[in-house]
Amino acid sequence: MDRHEYRNLVILVLPTGIFCVAFFLLPMARLVLIGASGERGIAAYLDIVTTPRHFESLIATLVLSITVTATALVVATISGLFLERNRFKGRGVLISMLTFPLAFPGVVIGFMVIMLAGRQGLIGIVSKALTGDKIVFAYSMAGLFVGYMYFSIPRVILTIMAAAEKMNPALEEAARSLGAPQWRIILDVILPALKPGLIASGAICFATSMGAFGTAFTLATNIDVLPMTIYTEFTLNANIAGAATLSIVLGLITWAALYIARNLSGSNVAAAG
Amino acid sequence: MSDLKDQGTAINLLSCAKTFAGGVQALEPLDLEIAGGETVVLLGPSGCGKTTTLRIIAGLEEPDPGGRVMFGDDDVTRLPIEKRKIGMVFQSYALFPNMTVRENIAYGLMVRRMPKPDIDRRVGEMLEMMHIGDLEFRRIDQLSGGQCQRVALARAIAVQPRVLLLDEPLTALDAILRTRLRVEIDQLLRRLGITAVYVTHDQGEAMSLGDRIVVMSRGRVEQIGTPRDIYYKPNNDFVAEFIGTINRLRGIARGDHVEVAGASLPWSANRSGGEVEILFRPENVTISNLKSAHLKGNVVTSFFQGDRTKLILDGLGERQVIIETTDRVEFIAGQEIGFRIDPDSMIILNT
Ligand SMILES: Nc1ncnc2c1ncn2[C@@H]1O[C@H](COP(=O)(O)OP(=O)(O)OP(=O)(O)O)[C@@H](O)[C@H]1O
Ligand SMILES: [Mg+2]
């Protein structure tokens with residue numbers, strides 16, 4: 001590369017570079033430094049394991065996100081395939097309604113979970129009428145799970161439907177002609193074809209669930225997911241260094257998940273939400 | 001590989017019609033008897049129902065009520081494809097992209113829970129037979145079209161199917177490869193002695209592969225016969241026009257000759273009165289001097305093709321006439337030439 005080309009390249013890369021430094025590297029570096037600014041320096045990052053409240057919050061968030069991702073993938077794959085393969089009245093309306101949850105902020109979703117399973121919620125009223133016991137789970141992990149499912153499922157369904165549409169129907173027929181029963185076809189033909197979509201949308205589900213704040217904040221009270229813990233440390237306890245270390249760890253886990261997914265599926269996976 | 005030899009299962013379609021949802025009748029009631037070991041080619045223009053017929057035999061479509069599909073003495077009408085023990089080759093190959101060449105070929109055997117050593121042996125045989133031994137561990141996206149087609153064939157016959165069904169297996173390939181694979185498929189089918197149904201819209205393929213050809217149009221069978229029958233004795237207009245090139249002239253029957261374009265042609269049928277249509281193929285004429293010619297025409301264009309010359313003539317009715325000659329003479333546009341038609345090869349349809 002001669003000098004001239006080199007200068008051109010620098011000019012072309014400059015906008016991206018500035019953007020990267022200003023909005024990403026500088027704040028991140030600052031955050032890392034703040035995290036290590038306490039008396040114990042960089043060792044503060046170990047606190048996330050040694051402080052029970054932080055560690056429990058980390059584990060709870062991971063478990064919740066993994067459960068949400070796994071459940072959403074299963075439910076959405078089945079419904080996505082069904083929707084793609086069956087033509088019935090109202091299908092179009094149903095599919096466009098599925099994209100609805102994507103438009104809501106977390107607060108609204110939290111609000112909807114309360115209407116469903118809160119103290120005055122639908123499930124509470126019905127269960128009281130039927131059994132005399134009022135079932136309320138909006139303010140717990142179960143409530144959060146429902147809320148996260150609500151915005152995770154549409155994402156996966158849409159991805160699955162797109163992938164299923166592109167699938168070559170002759171592949172399934174070929175497998176059948178070779179004597180494969182339905183379960184083998186699902187295993188050997190359908191799932192491999194959906195794999196890139198499953199990985200991509202699974203990674204996004206996971207990342208979104210790890211970082212979602214609005215829903216947790218609305219349901220609040222005694223749910224300790226990582227974003228909530230960060231918020232509490234930062235605003236209530238003024239433990240800025242602690243909040244910073246938690247943020248960095250949360251960021252790293254999510255980033256790692258997306259990175260692995262990108263390598264597995266070979267296609268573009270970006271965090272959203 | 002004597003275990004490959006099979007007497008072949010006869011296939012019998014009994015009034016199989018097919019009406020798709022929405023009322024499209026893709027196939028009128030069809031009766032077709034295919035002997036064990038025979039290769040039958042379904043030939044016809046796009047949309048005539050070839051694939052539909054093949055899919056009914058395969059079990060991918062059910063015939064309308066009343067239709068029956070027999071494999072030998074077994075009524076398989078209600079049997080789904082996975083139980084019919086057929087081998088199928090698709091136009092798009094339909095190889096499993098997530099598996100290697102080897103895994104693709106082994107798939108049907110694995111599904112049948114064949115013991116591992118037997119699978120290895122059988123896959124080895126297939127790789128050798130299709131000359132794709134060095135591709136064994138390739139991924140599917142690393143194969144050329146021709147190689148894909150070999151793998152697809154190997155996968156379909158690995159399971160020793162009762163019948164082999166092929167839907168335009170060569171259409172996606174280039175001309176040279178198509179001809180080469182056509183020869184290979186022909187040898188393969190003879191060697192296996194398997195009953196085969198082959199769908200194509202290429203008459204060259206149909207002629208060279210088929211023991212018999214089923215010519216179809218608009219969901220109907222127009223003629224069933226050997227390639228020679230179809231070519232020399234077309235049943236009707238459609239078959240005559242569809243297979244090869246044919247010339248047609250209007251004439252009036254007068255006893256032992258027919259009056260055409262102001263000239264008279266000898267005719268063996270010896271029948272008088274009424275309009276007839278004379279059909280003859282370009283290669284069944286000989287150029288002669290003007291005096292002894294049956295017919296005369298003016299050269300519009302001539303195409304030199306090496307082994308022969310193709311001439312387009314006019315002045316013989318509404319349509320131009322195409323003839324071929326192996327004479328080493330140069331023809332010029334506008335020249336008047338005469339030719340004789342071989343009387344045995346003339347086809348006469350009543351109008
Ligand atoms: N699933 C289907 N639903 C409705 N109509 C169909 C369906 N499959 C085929 N048809 C119609 O049935 C007719 C015959 O189709 P078929 O696929 O058998 O034709 P083909 O002879 O194989 O043509 P080609 O050479 O183009 O493959 C066509 O008019 C087609 O549009
Ligand atoms: Mg077809």
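The shell around ligand 1 divides into three nonpolar, five polar and two charged residues. In that count, Ala, Val, Leu, Ile, Met, Phe, Trp, Tyr, Cys and Pro are nonpolar, Asp, Glu, Lys and Arg are charged, and the others, Gly among them, are polar. Quick housekeeping: this is a predicted model, where local features need pLDDT of at least 70 and side-chain atom pairs count only at pLDDT 80 or more, while totals for chains, interfaces and linings use all residues. Residues are numbered from 1 along each chain as its sequence is written, chains are lettered from A and ligands numbered from 1 in the order in which they are written, and side-chain values use heavy atoms, with hydrogens and water left out.

So, which residues surround ligand 1? They are B:Phe20, B:Ala26, B:Ser46, B:Gly47, B:Cys48, B:Gly49, B:Lys50, B:Thr51, B:Thr52 and B:Glu168, where being near means having a heavy atom within 4 Å. Helix 1 of chain B, residues 50–58, gives the most to this shell, with three residues. Helices here are DSSP runs (H or I, at least four residues), strands are too (E, at least two), and both are numbered from the N terminus.

Now the polar contacts, meaning pairs of N or O atoms within 3.5 Å. The side chain of B:Thr51 has an N or O atom 2.5 Å from an oxygen atom of ligand 1. For the side chain of B:Lys50, that distance to a ligand oxygen is 2.8 Å. B:Gly49 uses its backbone instead, with an N or O atom 3.0 Å from an oxygen of ligand 1. On its own, ligand 1 exposes 640 Å², and the protein buries 60% of that (Shrake-Rupley areas, 1.4 Å probe).

Staying in chain B, have a look at helix 3 (residues 116–129) and helix 4 (residues 145–158): their axes come within 10 Å and cross at roughly 140 degrees. Those axes are lines fitted to C-alpha atoms over the stretch in contact, and the angles run from 0 to 180 degrees between N-to-C directions. That makes helix 3 of chain B oblique to helix 4 of chain B, since under 35 degrees is roughly parallel, over 145 roughly antiparallel, 65 to 115 roughly perpendicular and the rest oblique.

Over to chain A. How many helices and strands does chain A have? Twelve helices and zero strands. Its C-alpha atoms fill a box of roughly 75 × 65 × 30 Å along the principal axes.

Helix 3 of chain A (residues 52–85) packs with helix 7 of chain A (residues 141–166) at about 40 degrees, axes 6 Å apart, so the two are oblique. The residues of that contact split into 20 nonpolar, six polar and two charged. Helix 3 of chain A also meets helix 9 of chain A (residues 182–211), with axes coming within 9 Å and crossing at roughly 140 degrees.

Note on methods
Polar contact = N/O pair within 3.5 Å; in protein donor to acceptor, adjacent residues only side chain to side chain.
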